[in-house]
Amino acid sequence: MASLYHSSLPFSPPSSSCHGVLSFPPRTAASFACLCRVPPQDDHDAELLGALQSNGNGILLREQHPAASAQPLDPIPGELGDGRRRSSQFRARDCARRIMSLPMEERVKVLDLLQRDDAALTVSDYNDIISALARGGDYDSAVALFRSLEPNGSVAPDAHSFAIAVQCFCRKGAPDEAKETLDEMVARGYLPSVAAFSAVVGCLCKRGRVTRAMEVFDAMRAVGSEPTIRTYNSLIGGLCYVGRLEEARDLLNKLKDSPKQTTDIYTFTIVLEGFCKVGRTEDAMAIFEDAIRMGLSPTIFTYNALLNGHCKEGNLLKAYDLLMEMCDSETCPPDKISYTIVLPALLRAGEISAAWKTFKRMEHAGFEADGRALDTLARGLCRQCAADISVLKDAKEVFGKVVSAGHEPVSYTYCLMAQALARGGEVDAAVAILDDMVRKGYALRKRAYTDVVRALCDRSRTRDAVRVLATVIAKDFVPGRNAFDALLGELSRQERWPDAMAVYAAAVKRGVVVSLKRNVKEALVVDHEEEAAWESPAQLGVPQ
C-alpha cells in the first residue's frame, strides 16, 4: 500500500470542475449488500457497478442491470483467470483507480454508493479511498470522509488516516486544522511521521505563523523525531517572511556547524533572498560567498534573487556584471527572468549602452523582451543618436522589432525615431514616420517635425518641407518658429520670394513671430560668401 502522506508524492491542485463536497454522514451497521440497489439508469452506471463487483466488494443483489452482466470487464489485479477471487475483501485500491479516472459527477455517484457498506470496508480500504481523493485534488471530500470515521465506531481512523488528513489540510492551506489534527493524532497515541510534522511547519510558516510553527518544531523534537533539512528550510523561510532575518541567519549558521544536517543551496537561497528583499544585498552577498566556499553550486533562483536585490538598491552595474558573469557560465546561464529583472532596471536608469548589450545577449539566448522594454530601449537609442549617429542602425533594429512584435510604439517613440532618422540623413524614412503618425492620429512634437523640415531644407527639398508644414497645420497643430525660419531661409536663398512671403504670412496668421528681413539678409550674406569663395584665386588654383 503506497503511503500518500510522504512528501515526495505529487498532489495536483484542486479540480475546478468539482460541483460540491461529498457528504459522509455517521455510519450505521447496515451492510453494503443490503443497501446497494442497482439503479436502472444508463449503461455507464451499470458498467461502474460491474467494476465494483469485479473488484470483489462482496455480494451484490441479484437484480442487476442486464447491461452489467452482458458486458464482462477485463480481468484486473485481484482476480484469477477463471473468475475466482483471491479473497473476498474489497479491493479498494483498484476501485480507487477506476473512480479517479471518472468525471466528477460519476465519481460522486460511486463514492456515495460506497459509503453505504460499512461491514465490507476496513480502515485500510478507507485510507485508500481517502488517498485517491487527495491525489485527485479533492481535499474537501477526503477530509469529510476522514471525519466520518468515528474513533469508537466499527471503523476507527489509524495513524495513516491522520497522516493523510494532515497533508490534506496543509494542501488546502488550513494550518490551524492541520495542527489540531496533528495534536489529536499525538493525543491518541500515534507517532506522527517526520513528513507530517514538516508539512504542518511549512503550512504555518507560509501563513506567517512562525510562533506556532516553532511550537510544532519543538514538539517534533520532544517526541524524538529528528527534523530534516526540509523542515529547517520551511522554518527559515517563515522567519524571513516575517522579517526576522537575524534569527534566520543564526539558524543557518547553526545548521552549517551541525553534524546531523547538511545544508543545501536552497537553504542559503532562502536567507539571502530575505536580505535582498529588505535592501541588504551586502549581507546577501556574504551569504552567497559562504555557499560558494562550502562547495555548493548556486541555482538560477539564487542568482535571480541577487540580481533583484542589486536592481532594487540601484546597484545596476553590479547587477549587470553579475548577469554577464552568468552569461559566460556554462553551469548556470541566465533565464528569461534574469534578463527581465536587469533590462528594465538599466533602461529606467538611462544605462542605454548596457541595456543594448543585455538585449543582444537576451536575443542570442533565444528569449524575447516584452514590448514595453523594447519601446523604452528604442527611445534611449534614438536619444543617443544626437551624440553618436552610428547608433541609428541599432535604433532602427529595435524599432522594427517593436512594430513586428505587434506592440504599437507610443507617440514619443515615433517622434524620437523621426528625429534620429532626420539627423542620420534618412529624410524619406523620417517623413514616412511623420505621415504614419498623422494617419494614426498621434500628436506631433515640435522638435520632431522641425528636425525633419530642417533636414529637407538642407537638401533644398523645399516642396517636401512645405508639405510637411501643411500637414502639421491641417491637423490643427501650430508649427514652431524654428520650422518656419528654416523654410524661410531656404526659400530666400533660392530667391523664391512669392513662396517665402506665403510662408511668412502663414506664420504671422498663426501668431508665430518670424523675421522675414533677417532671413532674407542671412540668405543674401550666404550667397555673397559663396560667390566670393567661388571667385577666390585659391579656389581656382591660380598662384597669387
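**Helix pair, spaces and confidence**

Student: Are α14 and α15 roughly parallel or roughly antiparallel to each other?
Tutor: Let's reason from the axes, lines fitted to C-alpha atoms over the stretch in contact, with angles from 0 to 180 degrees between N-to-C directions. In this predicted model, the axes of α14 (residues 265–277) and α15 (residues 281–293) come within 8 Å and cross at roughly 170°; helices here are DSSP runs of H or I, at least four residues, numbered from the N terminus. Angles under 35 degrees count as roughly parallel, over 145 as roughly antiparallel, 65 to 115 as roughly perpendicular and the rest as oblique. The pair is therefore roughly antiparallel.

Student: Which residues of α14 make the contact with α15?
Tutor: Contact means heavy atoms within 4.5 Å. From α15 come Thr281, Asp283, Ala284, Ile287, Phe288, Asp290 and Ala291. From α14 come Ile265, Phe268, Val271, Leu272, Phe275 and Cys276.

Student: How many residues of that contact between α14 and α15 are nonpolar?
Tutor: Ala, Val, Leu, Ile, Met, Phe, Trp, Tyr, Cys and Pro count as nonpolar, Asp, Glu, Lys and Arg as charged, and the others, Gly among them, as polar. The contact has 1 polar and 2 charged residues, and its nonpolar residues number 10.

Student: Which helices each supply at least two residues of the lining of the largest pocket?
Tutor: A pocket is an open set of points on a 1 Å grid over the protein atoms alone, where a 1.4 Å probe fits, with protein on both sides within 12 Å along at least five of seven lines; lining residues have an atom within 4 Å of a point. This one has a volume of about 750 Å³, the space filled by probe spheres set on points joined across faces, edges and corners. Its 28 lining residues include Gly202, Cys205, Lys206, Ser234 and Tyr266, which lie nearest its centre. The helices are α8 (159–172), α10 (194–206), α12 (229–241) and α14.

Student: What is the volume of the largest cavity?
Tutor: In a cavity, the probe fits but cannot get out. The whole structure holds 5 cavities of 30 Å³ or more. For the largest cavity, α23 (427–440) and α25 (462–474) each supply at least two lining residues, and its volume is about 50 Å³.

Student: What is the mean pLDDT of the protein?
Tutor: pLDDT is the predictor's confidence in each residue, from 0 to 100. It stays under 50 over residues 1–91 and also over residues 528–544. Across the protein, 72% of residues reach 70 or more, and the mean is 76.

Student: What limits and numbering apply here?
Tutor: Local features need pLDDT of at least 70 and side-chain atom pairs 80 or more, while totals for chains, interfaces and linings use all residues. Side-chain values use heavy atoms, leaving out hydrogens and water, and residues are numbered along each chain as its sequence is written, from 1.
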